[in-house]
Every structure is written in C-alpha cells, then in structure tokens.
Amino acid sequence: MATTSSSPSKTRPLTGLVLTGGGARAAYQVGVLLAISKLSSNRRHNPFPILCGTSAGAINAASLACLADNFGKAVSRLANVWRNMHASHIYRADPAGIATSGARWLSLMAFGWLIRNQPRSLLDNSPLRTLLEHHLDFPGIERSIASGALHAVSISASGYESGENISFFQAHPGTQPWQRVQRIGIRAQLGIDHLLASSAIPFVFPAMRIHREYFGDGSMRHLAPISPAIHLGAEKILIIGAGRKHETQERRSEGAYPSLAQIAGHALSSIFLDSLAVDIERMQRINRTLSVIPPEVRATAGLPLKPIDSLIISPSERLDRIAADHAKALPRSVKLLLGGLGAMNRRGGALTSYLLFEKPYTRALIDLGYADTLARDREVGDFLEL
C-alpha cells in the first residue's frame, strides 16, 4: 500500500452500499445505480466509500470498486454488460452443454453408486469466469483505496465445511477483521474466485475452492447481510433489494401439487430475500431502542451500538411475474430444461427470475430500478447528499 493512501474524508459519515444476491434479479440494482449517477452533481464522485456485495450483487459491487475513482463510468460500464446480457455469458446454454449436464444428473440418479465423477452443478458457469476476466480490473480496487475514492469492499461467501459465512474484504489499512457467530470478516486480495464462490447458487452453479475450503453462494446462512457494511465503518447504508418488501405468494384454490420449479423458487427466495428482510427489521428495532437512550448514557454504560441511518430501495413490481413474461427469450435448450421442471409459466416464475440472463428481462429490470429510484429522487438525493 502506498504511503499516500488515505481514507475518505470524515467531514460526512461513511456511506455503505449493500447489494444483495438474486442471480439475474441483480439487474434491478443497475437501474438504481444509473438513477443515482443521473441525480449526482458530480458523476465522477463515488457516493459509496463502502461497498458490500453478495452473490450477483458481489459482482456488481466489485465492478464499482474496480473503478471507484469514476463512479459514473463504472455504472455506465456495468449497465452496458447487463443491457446486453445473454444466458451464454453466464453459463453454457448451448444444446451440447445442457445435454451433457442433464445426462450426468440422470446417470447419477439411475446409477449413483457406479458414478465416480459426480456432477457438481446443474449448469456449467465457466463462461462467467471469461466475462469477469474481460470486464474487471482488480488492481483498480487497490488504486481506489490508495486515492481515497474507496474505503472498503467486501464479498460474502458461505463455507460448505465450516458452515460459516465469510466476508472477504479489501480495505483501508486501519480496517480490522471481525468474528461473530457463524460470521467472519477476513482481509483478502479480492479476485475472480471470490466472485465465483459468492455467486455459486446451490445446485445450480459449482462451489469454488478458496484456500482449503469450498464456498458457495454468500446468501446462504447469511444471518446478518447488513453487518459487513457496519463492521467496515458505514454510518449510513443504502440497501438495494432483489424482491418486493413483504412480498407474499398468491393463494390458489386449485390444490395442485407444487412443481419442482415452485419448490426450487421458494427455496431460492428463502436464501436470497428472507435474511435481508429480517436483518433490516432488526436494525430498525435497534435504532428505535437507541433513540430513547441518550448518547451520554450509552457512553457511560459502555454500549458500543450506534444508530445506523438507512434507505431501502426495492422493486415496486413482482420480478417473478416480469420473468414469466420474458421467459421465452431463453435459449431453446434452457427452455426445455426449465420446462421439464415446470418453470416456464407464472407458477414457476420465481425460479426463472434467478436464471433469466437475457436482455429483454435484464433491460426490463434496469428500467424498473431506474424508475423506482427517480420516483424517490428527493429522498435519495438528500440521503446521499448528491
């Protein structure tokens, strides 16, 4: 680290950005970021000295961190990738790739005890590594920290052996690691393997080995998704969700047994959405409690807690319904695979919403995020001091 490195100015509180997981749903985050860039009076300035990402949100956070000294340019580049997204950029969507994966799983179910090389995932995400190698300049993270444009960035992943959720962070030298129940913060030189680990949706994408342990999607067992930002020093936090707040499923009277797609979509929603909602509720409850305790009383009692100002932006529409409307954009081989699971209709739209990496869907989500943010332009501008 160069001796000229410095943390961002302390004239105003450090603002953190929390980007959650959700596969293709993370395109919504890009629309929010585009709107923030538009609202900013200085588009080069990074309004988020602390960036925290999980799963697909980790990829977006890393993209911002690599070019934190020019926020507008970073967002523009990120938007260009998501606006021109194809499933083949993320996983093998060609007939041969899908057929190979399907054949391995069928063989495992029929002759499991004879199969030596068991399939590691439903889909082969090797194209994602190529995409990340082409678009991300990881040395830019250290340059941004040294210049003061960035204070810290963290990427969360879940250890399959330890059961712990690890936040790998790269930060200003004064930032300290942390350890809580099933949650650890570890200083690291971030790279592609951390992003592939964080975005390894269980069963869908393969786990990634980092040092001595295999890691999967960072949303798994992430009991406190907001906490990495707080540990890294954030005093204000903007949280961009991947689903509507208090989203509930419609009850139907058909009584039909749920399809595999419905079950899988329900499981993924539990992984990606539920823990964030619980953590937001917990933070708000702590803030209310602290508001009635005078600061001098907290100091005398040795209470290290402090109120955290937060703003939550989440989709105003159901993303599973938008996914169902655009599911036909998927490659034919993927449609056949998902159709067999019951995912090519509205009842299976939740699963499709995570895997629909096609530009008609990602553009619809970007436009929604953009509109949702501009609809709250004064609130967002005041919060971020734009």
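The following legends describe close-up views of a predicted model.

**View 1. Stacked aromatic pair of Phe 169 and Trp 178.** The structure contains six aromatic pairs. In one of them, Phe 169 and Trp 178 are stacked, with ring centres 5.4 Å from each other and an angle of 15° between the planes. Phe 169 has a relative accessible area of 0% and is buried. Trp 178 is likewise buried, its relative accessible area being 8%.

**View 2. Aromatic cluster of Trp 82, Tyr 91, Phe 205 and Phe 357.** These four residues, Trp 82, Tyr 91, Phe 205 and Phe 357, belong to one aromatic cluster.

**View 3. Charged side chains over the rings of Tyr 354 and Phe 383.** The ring of Tyr 354 has the charged end of Arg 25 over it, at a distance of 4.6 Å from the ring centre. Over the face of Phe 383 lies Lys 236, and here the distance to the ring centre is 4.7 Å.

**View 4. The largest cavity, with a volume of about 60 Å³.** Two cavities of 30 Å³ or more are present in the structure. The lining of the largest cavity is formed by Thr 20, Gly 21, Thr 54, Ser 219, His 222, Pro 225, Phe 272, Ser 275 and Leu 276. Helix H10, which spans residues 260–291, provides the largest share of this lining, namely three residues. By class, the lining of the largest cavity comprises six polar and three nonpolar residues, with no charged residue.

**View 5. The second largest cavity, with a volume of about 40 Å³.** Its lining consists of Val 18, Leu 19, Cys 52, Gly 53, Thr 54, Ser 154, Ser 156, Pro 225 and Pro 228. At least two lining residues come from each of strand E1 (15–19), strand E2 (50–54) and strand E3 (152–159). The largest share, three residues, is that of E2. Five nonpolar and four polar residues make up the lining of the second largest cavity, and no charged residue takes part.

**View 6. Buried and exposed residues of helix H13 (residues 332–341).** Ser 333, Val 334 and Leu 338 are the buried residues shown in H13. The buried residues of H13 fall within an arc of 125° when seen down the helix axis, and therefore line one face of the helix. Arg 332, Leu 336 and Gly 340 are exposed on the other side of H13.

**View 7. Gly 72 in helix H3 (residues 71–83).** With a relative accessibility of 16%, Gly 72 counts as buried because the cut-off for that class is under 20%. Gly 72 and Asn 42 are separated by 30 residues in sequence, while their C-alpha atoms are 8.6 Å apart in space.

**View 8. Positive phi at His 211 and Glu 385.** Most residues other than glycine have a negative phi. His 211, which is not a glycine, has a positive phi of about 60°. The loop between strand E7 (208–210) and strand E8 (213–217) contains His 211, and this residue counts as exposed at 70% relative accessibility. Glu 385 also has a positive phi, near 55°. The position of Glu 385 is in the segment after helix H16 (377–384), where Glu 385 counts as partly exposed at 41% relative accessibility.

Technical notes. Residues numbered from 1 in each chain as written. Predicted model: local features only at pLDDT ≥ 70, side-chain atom pairs only at ≥ 80, totals over all residues. Heavy atoms only, no water. Phe/Tyr/Trp six-rings, centres within 6.5 Å; stacked < 30°, edge-to-face > 60°. Buried < 20%, exposed > 50% of the residue type's maximum accessible area, 1.4 Å probe, protein only. Lys NZ or Arg CZ within 6 Å of the ring centre and 35° of its normal. 1 Å grid on protein atoms, 1.4 Å probe; cavity = no way out; pocket = protein on both sides within 12 Å on 5 of 7 lines; lining within 4 Å. Points joined across faces, edges and corners; volume = space filled by probe spheres on them. Helix = DSSP H or I, 4+ residues; strand = E, 2+ residues; numbered from the N terminus. Nonpolar A, V, L, I, M, F, W, Y, C, P; charged D, E, K, R; others polar. Arc of directions from axis to C-beta.
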